[in-house]
Amino acid sequence: MVLHTYARYGCSDCPMKAQCTPASFRRIRRWEHEDVLDVMQQRLDRNPNAMKIRRRTVEHVFGTLKYWMGSTHFLMKTLKHVPTEVSLHVLAYNLKRLMSLLGIAETMKAMRFARA
C-alpha cells in the first residue's frame with residue numbers, strides 16, 4: 001500500500017491549532033487511491049439508502065457462509081489454504097442457490113450443456 005505523506009508547517013499561526021494538533025506542524029497521510037474512497041463517500045452521501053440495500057443483499061450470503069463454516073475459525077490453516085476453503089464454500093452456496101431456483105433436474109441439464 002503506497003501512502004503519500006504531506007507536512008504542513010506554519011501551524012502555529014493557524015486559528016484552528018487547538019482543535020488540530022499539539023505538534024509544531026501537521027503530517028497528513030493519504031493512500032494513493034484515496035480519491036476513489038472520496039468519490040464513493042460522495043455517492044453514499046447523495047444516496048444514503050444504497051448501503052442499507054447492499055447490506056441486505058450481501059450480508060445474508062456472508063451470514064450463511066459463516067454459519068456453515070462455524071463463526072470462530074476456518075478448518076484450514078495458513079493463507080495458502082484458507083482461500084481454497086472459502087472458494088469451496090462459495091461454490092457450494094452458489095450451487096445450492098442455483099438448485100433452489102432452477103430445480104435439480106434443470107441444474108443437471110444446464111451442467112451437462114456447459115460441459116459439452
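Trainee: In which helix is the place of Thr 107?

Mentor: Helices are DSSP runs of H or I with at least four residues, numbered from the N terminus, and Thr 107 lies in helix α5, residues 104–115. This is a predicted model, where local features need pLDDT of at least 70, side-chain atom pairs count only at pLDDT 80 or more, and totals for chains, interfaces and linings use all residues. Residues are numbered from 1 along each chain as its sequence is written, and side-chain values use heavy atoms, with hydrogens and water left out.

Trainee: Is Thr 107 buried or exposed?

Mentor: Buried means under 20% relative accessible area, exposed over 50%, and partly exposed in between, with a 1.4 Å probe and protein chains only. Thr 107 has a relative accessible area of 2%, so it counts as buried. Leaving aside neighbours within four places in sequence, Thr 107 is in contact with Leu 98, Met 99 and Leu 102, contact being heavy atoms within 4.5 Å.

Trainee: And how does Met 108 read, with its relative accessible area of 38%?

Mentor: Met 108 is also placed in helix α5, and it is partly exposed because its relative accessible area is 38%.

Trainee: Which side chain of opposite charge is nearest to Glu 85?

Mentor: Lys and Arg count as positive, Asp and Glu as negative, while His and the chain ends are not counted. For Glu 85, found in helix α4, residues 82–102, the nearest one is Lys 77, 7.8 Å away. Not counting residues up to four places away in sequence, Glu 85 touches Met 69, Phe 74, Leu 75 and Met 76.

Notes: Helices (H or I, at least four residues) and strands (E, at least two) are DSSP runs, numbered from the N terminus. A salt bridge is a side-chain nitrogen of Lys or Arg within 4 Å of a carboxyl oxygen of Asp or Glu.
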